[in-house]
Amino acid sequence: MRLVLAGGAIALVLAAAATARNPQTSEQALVPPDRIGVVVLDLSLSITDDDYVAIRRTLRRLIAEDATIGLAVFSDVPYELLPPGTPASELKPVLRLLVAPRLGPLRNPWTQTFRAGTRISVALELAKSMLERDQIAKGSILLVSDLETAPDDVPALTRTIAGLQRADIRLGVVPLAPSSDSLALFSGLLDKDAVAAFTRSPDREAPVTASAAVDTPIVFLVLGLLVFGLLAAHERFSGRIALPRAERTVGGAP
């Protein structure tokens, strides 16, 4: 009985230790792990130096999460850079192109073709067509933008988002310091958890990994209670170990 209870307690302690090494975080992945996502990057003229820092941090986080993605960039017109199903590690070369233009005008392969104005609807339509073209049944789109679109694009944007919902394509947003009006527009069109909380840190570009807020695992608590239960059962049912009694001596002689 003692060996069985002790063995069970040791097994539960090992299981609890394994659970504690892999805590569940309260933050969701940018691209749901059960979906293939298309990342849509806003590279319009309204994107500031600090926004480029946030964009790079977002891409680093996707790499750390080992997401499966496609990539499109846009201003007034969108361009497909990576097809859906690409490992997020392929974003590393793109990081070198997305440098904040502190020392002069922005220079990347698309600056000569982008014109003034931003049309988010056409970028989302391109991402949707990429998923449909590759016959991806469960897709998602991650929009990384300041959410500023042309006024005449708002009706088209509303129709596009409604079409994504009908097609069961999940749309998430990483806002880049949006105005209150733009944030209110997207918050009204999307689910409440679709707009990701994102803290910018312009002074550093440390890779973003899991959230620091960690939920206490229920499994860990249950395993801990079971350990205490086995210890209590050991004390209750195993009995004390019988030790040999010392023989009495008379006058120092046995």
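This is a predicted model: local features need pLDDT of at least 70, side-chain atom pairs count only at pLDDT 80 or more; totals for chains, interfaces and linings use all residues.

1. In which strand does serine 140 lie? Serine 140 belongs to strand 4.

2. The surroundings of serine 140 deserve a look. Neighbours within four places in sequence aside, serine 140 contacts Val31, Pro32, Arg35, Ile36, Gly37, Val38, Leu131, Ile169 and Arg170. Glycine 172 is 32 residues away from serine 140 along the chain, yet the C-alpha atoms of the two are separated by 7.7 Å.

3. On the overall make-up, the protein has seven helices and five strands. Read from the N terminus, the order of elements is α-β-α-β-β-α-α-β-α-β-α-α. The protein has 254 residues, of which 39% count as buried. If contacts between residues at least 6 apart in sequence are considered, 82% of them join residues at least 24 apart.

4. The sheet is open and has five strands, in the order 3-2-1-4-5 and with mixed pairing. Strand 3 and strand 5 (170–175) are the edge strands, each pairing on one side only. On average, neighbouring strands of this sheet are turned by 15° against each other, with direction ignored.

5. How do strand 2 and strand 3 pair, in the parallel or the antiparallel sense? Strand 2 (residues 68–74) and strand 3 (residues 78–87) are antiparallel, and their pairing extends over six bridges. The two strands are joined by a hairpin of three residues. Two of the pairs can be named: isoleucine 69 stands opposite threonine 86 of strand 3, and valine 73 has tyrosine 79 in strand 3 as its bridge partner.

6. Threonine 86, a residue of strand 3, is buried at a relative accessible area of 10%. Beyond residues up to four places away in sequence, threonine 86 touches Ala67, Thr68 and Ile69.

7. Helix packing comes next. Two packed helices are described by the angle between their axes and the distance between the axes. For helix 4 (residues 120–133) and helix 5, the angle is about 25° and the axes are 8 Å apart. Helix 4 is therefore roughly parallel to helix 5, since angles under 35 degrees fall in that class. The crossing of helix 4 and helix 5 is left-handed.

8. Which residues make up the contact of helix 4 with helix 5? Helix 4 contributes Ile120, Ser121, Leu124, Glu125 and Lys128, which meet Ala156, Leu157, Thr160, Ile161, Gly163 and Leu164 of helix 5. Sorted by class, this contact of helix 4 with helix 5 has six nonpolar, three polar and two charged residues.

9. Helix 5 (residues 154–166) also packs with helix 6 (residues 180–189): their axes come within 11 Å and cross at roughly 30°. Helix 5 and helix 6 are therefore roughly parallel to each other. Their crossing is right-handed. On the helix 5 side the contact is made by Val154, Leu157, Thr158, Ile161 and Gln165, and on the helix 6 side by Leu185, Phe186 and Leu189. By class, the contact of helix 5 with helix 6 has six nonpolar, two polar and no charged residues.

10. Aspartate 66 has phi near 55°, a positive value in a residue other than glycine. Aspartate 66 sits in the loop between helix 2 (49–64) and strand 2, and is exposed, with 60% relative accessible area.

11. Leucine 147 likewise is a residue other than glycine with a positive phi, near 70°. The loop between strand 4 (139–145) and helix 5 holds leucine 147. Is leucine 147 buried or exposed? Leucine 147 counts as buried, at 1% relative accessibility.

Note on methods
Residues are numbered from 1 along each chain as its sequence is written. Side-chain values use heavy atoms; hydrogens and water are left out. Axes are lines fitted to C-alpha atoms, for helices over the stretch in contact, and angles run from 0 to 180 degrees between N-to-C directions. Helices (H or I, at least four residues) and strands (E, at least two) are DSSP runs, numbered from the N terminus. Angles under 35 degrees count as roughly parallel, over 145 as roughly antiparallel, 65 to 115 as roughly perpendicular and the rest as oblique. A crossing is left-handed if the near helix is turned anticlockwise from the far one by less than a right angle, and right-handed if clockwise. Contact means heavy atoms within 4.5 Å. Ala, Val, Leu, Ile, Met, Phe, Trp, Tyr, Cys and Pro count as nonpolar, Asp, Glu, Lys and Arg as charged, and the others, Gly among them, as polar. Two strands pair if DSSP finds at least two bridges between them. Buried means under 20% relative accessible area, exposed over 50%, partly exposed in between (1.4 Å probe, protein chains only).
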